[in-house]
Amino acid sequence: MIILRSFRDRNPRLEAMGIIVGVGLFVLLVALWRVQVSHGEHYDNRQDAQSLRRIRIPAARGEIVDRNGVVLANNRPSYDIVIYLEQLNRMSKRQDVVQVAQASLGALSQTLQMPVGLSDRDVRIHYQLRRPIPLPVWRDVKAEQVAAFAERASTLPGADLIVMPVRQYPQGSLAAHVLGYVGKAQQDGEEEEIERYYYYQPDSVGKQGIEHACDELLRGAPGGKTIRVSPGGTMVGEIGEKTAERGGRVTLTLDARIQRIVEEALARAPVPAGKDVKGAAVVLDPRTGEVLALASAPSFDPNVFNPGTPDAVITALMTDKVRRPMYNRAIGGAYAPGSTFKTITLLAGLESGAISPNDTVTCTGSLQIGNWHRSFGCWNHAGHGSVDAFTAIKESCDVFFYREGMKTGVEAITKVAAEFGLGQPTGFDLGSERKGLVPSPAWKLTQRGERWWDGDTAQLAIGQSFLLVTPLQMANVAATFANRGISWKPFIVERVESADGAVIRRGMPQVRGRLSAAPQQIETVRHAMLGAVRDMDGTAHHAAVSGLSVAGKSGTAEYDTAQGRQKRVWFIGFAPYDEPQVAVAVVLEDGDSGGHTAAPVAGAILAGIFQKSEDREALANRDAYAD
Amino acid sequence: MQIEKRIELVKRMDWWLLGAMVALAVGGVFFIYSASYRGPGQPMPSYYKMQMVWFGIGLVIYLAVALVDYRLICQWATVWYALAIGLLLLVLVAGAKVYGARRWLGWGSLGIQPAEVAKLAVIIAVSYFLFHRTPEMRHRWQTVLWTLLIVGVPQLLIFAQPDLGSAVILVPISFGLMFVSGVRVKHLALVALAGVCLAPVVWTQLKSYQKDRLTVFLDPTKDPLGVGWNLNQSLIAVGSGGFAGKGYLQGTQSTLGYLPRTVAPNDFLFSVIAEEKGFVGSMCVIGLYAVILFCGLRIAAYARDRLGMLLATGIVAMLFFHVFINIGMTIGLMPVKGLPLPLLSYGGSFVLATMAALGLLQNIWIHRRVY
């Protein structure tokens, strides 16, 4: 101000000039304060947004191993031939980068004898959005092509070979439905997100099975780099780097040896000639609920789902409506249990007092119920004659169970079925299981609008009616009998370890429920199941294994399908009888009968597990019996 | 004159003015280096070395101009003026065409911008003209009209190059001179009013890129990747500097080329400084200019005669509007115009013109009457 006054003394208008200059500079300072201090952060963010890009480097997925450490899923290197558009552009001297790239790819295509699958648009988009990262041209190329490329590498500017981890399943299709497969993650992020992140390759996510159920544990943490780019999108420097963290290792309760036995036995199932084997088999440890094997046929090779496979092959696999190879029948298939359900009906009758072990019923081959126009037939049209509970299970007499089932009543039967866990999910850790259906009078009234009648109870008693069960549920029924009434929750993940070896998750045996029936009542049913396999006239005798006491029950449920009337054939059982170590359930979607088609599969499985030969005599007499 | 007398004159220099000038010049070289820096080990243009050469030459001119009595210089006012008009005409005919404009006169990489010469010549001519008008005459319209004519001829020639920034800056310079010389405020207001009325005519004469710059100034969000690019990138540079800045050579806007490399060392050098030195740096820059401008006004106030006062005022007006428009431009306060920042921006002609103008200020101070 003193300065200004001195101006005024000389020339008042100089003072005015001084004020103008002072105010002008002050205005600049205020404006700069606003931009730099008040809104500094805003501009800082804008700068990061325009010049920082993140490159994601996928983490190697964790391994999946069986209970003995046999590797079921791990990673192998995939050799990808890529081009760097940034380099091509630098060499091209103002030519259009797409033309340069396509010309270079054309030459590469000739030397490697592989067609180029990239459109001009693919190249342009990559150039505009992801210039600093390589553009994959051929993924997962074969060794001879790697060699051919390496020979000419120096003459191929801008092209390079990079190695990426790819999921592989060393055992091929073994346990495919348990393991599942991996696929590309859905990139549904917003535009901006895609623009600010560069992906070397899309993240893999588990799509089915353990890969899906344990996806987060297997996936690991992707690493990444933050880079600065110039306005043209060229990388000018790295700011930070984070190494990818390997995913956790999943140990299954599954036993690869048993799984292989089960799958081979299933594949050799004696289904009618010319038909594919469609079915499932489950092997449980009845003492813990550990799943030792879980197979579904037909199967698939999860190795198919790698980046090198043409889309058409995968689409064909996914849309095969006839064989449905991707469908896990062991937990997703719900079938009528047929005569295997008679074990439950018998236990319900014994528990409710409606049946006593010594009651006999005379089977004449059919039974008239109410005033229905048709009689209810026994599978043995000639009739079984006088049968008691033991014989009824052993020979699978339908008439016995029509009568005794009606005496027991629908409530008592469904109560015991519920105790076995039917009609509800088992809580299996693989997920995506069906819960099945145990019908009741209330259910029929609301769903069908019809009243329940005695005939429904009779049908329910022999496992037909509206009953639906999964193979896993039936394996659990067998395990509960094996275990004398204690039912464990089935599980397949034994433990998960992080990359540094710490156990993150451990599968613990859990009691799912206990039967309310008395031990001797359960023993009665068990004993009848032993007879069904052990005795030459037992309908499940084809499951017999010499030197092993096998107990079980076969079943055949007739079913109307789009392909006509089919039979769902079953076997459930356990062994050894006194100290059971395994419980098994086998189902085939189309077969002759449980005793003829499913029981031999179970026999082969049990013989394999206990390393015994199948009962030769039983095999010789295979056609002498029917159920 | 004897050597002793010359030394005596040097001793009477305004050391504040010299100090601020040297500080800005040295800072300019450092930040021109930073503005052309492209990362460690990367080749970069050596503008900063050129700038040092220009300062070397500028210092010689500075001393020469400071020590020859300004009254002697001003007696040649018509010569300087005619020389400037001649150069402006020559550049229109023979100037090198850069980005569609003929502003450069020169040989190879060396060249001068006649517009910079013209600014000084106009200051001298108008001051000399007003100095010779008696107070009564200054109250008449003729004075205003003559002044406008003296300014208008070079202005039109500069506008024709086209160099809108330099043409426009002559307006506040002439207004400042007339105002301080005692021209009636009423007259000045009427001229300003007439100017506003003529603005639409001028608008029709503008090139489309000039119109774009003006409309972008009114709406910076318009076309941020096109004509709004420079403004937006400059705002990001200045704003991201924050309070304390990112540190010398740590600014990324010019290093990565977001702030275009063609403008970062000259017209947008302030953005580079503001990004790397933050608000603190901005304050220092404005503080140094404040020293120069107020020293200039003090020199005007203490000048031996009206001629000195007018010259000093004209120079202060020129420098002030350069500073205000340039810094204002980097933060969107003013439209984007090609006006460099005195002493900081890279550019030979302007460095020399500024040094000559500051030499003239020293000259007036040295020859002040000491009481």
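**Entry 1. Helix α13 of chain B**

I began with α13(B): 27 of its 34 residues are buried, so the helix is largely enclosed by the rest of the structure. I count a residue as buried if 20 or more other C-beta atoms lie within 10 Å of its own, as exposed if 12 or fewer do, and as partly exposed in between, with C-beta atoms placed from the backbone. I note that this is a predicted model, in which local features need pLDDT of at least 70 and side-chain atom pairs count only at pLDDT 80 or more, while totals for chains, interfaces and linings use all residues. Residues are numbered from 1 along each chain as its sequence is written, and chains are lettered from A and ligands numbered from 1 in the order in which they are written. Helices (H or I, at least four residues) and strands (E, at least two) are DSSP runs, numbered from the N terminus.

I then looked up the span of α13(B). Its end C-alpha atoms are only 34 Å apart, whereas a straight helix of 34 residues would span 50 Å at 1.5 Å a residue; the expected span is 1.5 Å times one less than the number of residues. I found a kink of about 125 degrees in α13(B), centred on B:Gly278. The bend at a residue is the angle between axes fitted to the seven residues ending there and the seven starting there.

**Entry 2. The partner helix α12**

I examined α12 (residues 229-240) against α13 (residues 269-302), both of chain B; they pack at an angle of about 30 degrees with axes 6 Å apart. That makes α12(B) roughly parallel to α13(B), a term for angles under 35 degrees; over 145 is roughly antiparallel, 65 to 115 roughly perpendicular and the rest oblique. Axes are lines fitted to C-alpha atoms, for helices over the stretch in contact, and angles run from 0 to 180 degrees between N-to-C directions.

On the α12(B) side I listed B:Ser234, B:Ala237, B:Val238 and B:Ser240, which meet B:Ser271, B:Val272, B:Ala274 and B:Glu275 of α13(B). Contact requires C-beta atoms, placed from the backbone, within 7 Å. By class, the residues of this contact are 4 nonpolar, 3 polar and 1 charged. Nonpolar covers Ala, Val, Leu, Ile, Met, Phe, Trp, Tyr, Cys and Pro; charged covers Asp, Glu, Lys and Arg; the others, Gly among them, are polar.

**Entry 3. Chain B overall**

I recorded 15 helices and 3 strands for chain B. Of its 371 residues, 51% count as buried.

**Entry 4. Interface of chains A and B**

I found 34 residues of chain A in contact with 39 residues of chain B. On the chain A side, α1 (2-10), α2 (12-38), α3 (40-51) and β10 (235-242) each supply at least two residues. The most come from α2(A), with 15 residues. The chain A side comprises 16 nonpolar, 13 polar and 5 charged residues.

**Entry 5. Backbone exceptions**

Most residues other than glycine have a negative phi, and most peptide bonds are trans. I noted a cis peptide bond between A:Ala297 and A:Pro298, with omega about -5 degrees; A:Pro298 is in the loop between β13 (290-297) and α13 (311-318) of chain A. I also noted a cis bond from B:Gln161 to B:Pro162, with omega near -5 degrees.

A:Asp140 has a positive phi near 55 degrees and is partly exposed, with 18 other C-beta atoms within 10 Å. A:Arg324 has a positive phi of about 45 degrees and is partly exposed, with 16 other C-beta atoms within 10 Å.

Conventions
Contact = placed C-beta atoms within 7 Å.
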